[in-house]
Amino acid sequence: MAVAAVRAVATTLRRSSGFLGGSRSVSTSGALQQKFNVPPSGNDLPRPGGIASMMRLPVQNDTQGLDACFVGIPLDIGTSNRSGTRFGPRQIRTESVMLRPYNNWTGAAPFDSLQVADIGDVFINMYDLKDAVKKIREAYSKIVANGCKPLTLGGDHTLTYPILQAIKTKYGPVGLVHVDAHADTSDKQLGEKISHGTPFRRAVEEGLLDCQRVLQIGLRGTGYSSDDYGWSRQQGFRVVQAEEIWYKSLAPLMEEVRAQMGDGPVYLSFDIDALDPAYAPGTGTPEIGGLTSHQGLEIIRGCRGLNLVGGDLVEVSPAYDPSGNTALTAANLLFEMLCVLPGVQYRRG
């Protein structure tokens, strides 16, 4: 999926100087050594340097040998308001140079535990949304076939629908932790069944979700009716509106969520507009009164112990945040998702 020229340059850099990322040998059983990809230190490679892969990790063309991967979907033709999320994956990768390999609060050490790489972007049709959805589904069917867990850089929220289609072929219906300002359960938008406002309606219709294991958190804003979230509740979703959790730690809620999700497979979908625009203005459909960035961290960290099979971070539209802070926040949240994947070792805590 990575552009051939970028892949060639990345390979040259790895072989000649290790600029794109090195590897770390970790003892797994006595003398047996497992080599994992490791992001380069800012002390070894200046942060403005190198190729802008996620965390400047090695780039590879497929998921062979990988436990998890970062993958971009430069999609914005499903948006209903401000576009620009096609540039989200690129900007998230750019801002990810600030990330380091260890989580200093939780003790998570994903690069001592999992083989991770950036596999580039899915090739999509920029002029035909239905064909783009088809291409995403086909690409993710290959990504998840060998058990690799994808962490997706978006891209508008339409993309979650075909990802869930692909995941069902591997895992069956999944639980869902959906963090968002909007329910995204509309039946149609401007007469169209597929858009960034409809993915979870389509997912329910196609049996992609275990509806008793679905959480929607952060929903807010004005509505088209007095009961905009009624459909979600009728399906069995747990809906937590933003106002319910103002000024609160979300650790107690996430304890309940872990019990709700149980041992079954779970997918995590995080729309950056779940956060208040004060923290993440670079998005297409902002709503005031949202979550704080530390509440976003609590939600993802609270997914530790779940059987996560993948996740996405969507709706970053860089043009609306010249500071880059929205993409920086997105990069950090994706790292946090990596930290809570099954198999990650914790050095403390």
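Predicted model: local features only at pLDDT ≥ 70, side-chain atom pairs only at ≥ 80, totals over all residues.
Leu-338 is in contact with Ala-68, Phe-70, Pro-110, Phe-111, Leu-114, Val-116, Leu-151 and Val-344, leaving aside its neighbours within four places in sequence. Together with Val-177, Leu-338 has the most contacts inside the largest nonpolar core, a set of 52 residues. Helix α9, residues 325–339, supplies the largest share of this core, with nine residues. There is also a second, separate core of 43 residues, which includes Ala-139, Tyr-161, Ile-194 and Trp-231.

**The annotated binding site**

Which residues does UniProt list under "binding site"? The unreviewed entry names His-157, Asp-180, His-182, Asp-184, Asp-271 and Asp-273. These residues span 117 residues in sequence, but no two of their C-alpha atoms are more than 12.2 Å apart, so they gather at one spot. Among the listed residues, Asp-180, His-182, Asp-184, Asp-271 and Asp-273 are included in the lining of the largest pocket.

His-157 lies in the loop that runs between strand β6 (149–154) and helix α4 (160–171). Is His-157 buried or exposed? With 0% relative accessibility, His-157 counts as buried.

Not counting residues up to four places away in sequence, Asp-180 touches His-157, Ile-217, Gly-218, Leu-219, Asp-271, Asp-273 and Ala-274. The side chain of Asp-180 is also joined to that of His-178 by a polar contact of 2.8 Å.

Asp-184 is buried, with a relative accessible area of 9%. The backbone of Asp-184 has a positive phi of about 55 degrees, although the residue is not a glycine.

**Backbone features**

Most residues other than glycine have a negative phi, and most peptide bonds are trans. Besides Asp-184, with its positive phi, a positive value is found at Met-55, where phi is near 60 degrees. Met-55 lies in the loop between β2 (32–38) and β3 (68–73). With a relative accessible area of 2%, Met-55 is buried.

Which residues are joined by a cis peptide bond? The bond lies between Gly-154 and Gly-155, and its omega is about 15 degrees. Gly-155 has its place in the loop between β6 and α4, and His-157 lies in the loop between β6 and α4 as well.

**Salt bridges**

How many salt bridges are there? The count comes to 13 salt bridges. The table gives some of them.

| Arg-93 | Asp-121 | 2.8 Å |

The salt bridge between Asp-121 and Arg-93 has its ends in separate elements: Asp-121 lies in strand β5 (residues 116–121) and Arg-93 in helix α2 (residues 88–95), so the pair ties together parts that are 28 residues apart in sequence. Asp-121 is partly exposed, with a relative accessible area of 28%. Arg-93 is buried, with a relative accessible area of 7%.

Lys-193 counts as partly exposed at 37% relative accessibility. Asp-187 is partly exposed too, with a relative accessible area of 29%. Both residues belong to a network of salt bridges that links Asp-187, Lys-193, Arg-202 and Glu-205.

Asp-210 counts as partly exposed at 28% relative accessibility.

Definitions and conventions:
Residues numbered from 1 in each chain as written. Heavy atoms only, no water. UniProt positions renumbered as here; feature names shortened; annotations may be inferred. 1 Å grid on protein atoms, 1.4 Å probe; cavity = no way out; pocket = protein on both sides within 12 Å on 5 of 7 lines; lining within 4 Å. Helix = DSSP H or I, 4+ residues; strand = E, 2+ residues; numbered from the N terminus. Buried < 20%, exposed > 50% of the residue type's maximum accessible area, 1.4 Å probe, protein only. Contact = heavy atoms within 4.5 Å. Polar contact = N/O pair within 3.5 Å; in protein donor to acceptor, adjacent residues only side chain to side chain. Salt bridge = Lys/Arg side-chain N within 4 Å of Asp/Glu carboxyl O. Core = buried A, V, L, I, M, F, W, Y, C linked by side-chain atoms within 4.5 Å.
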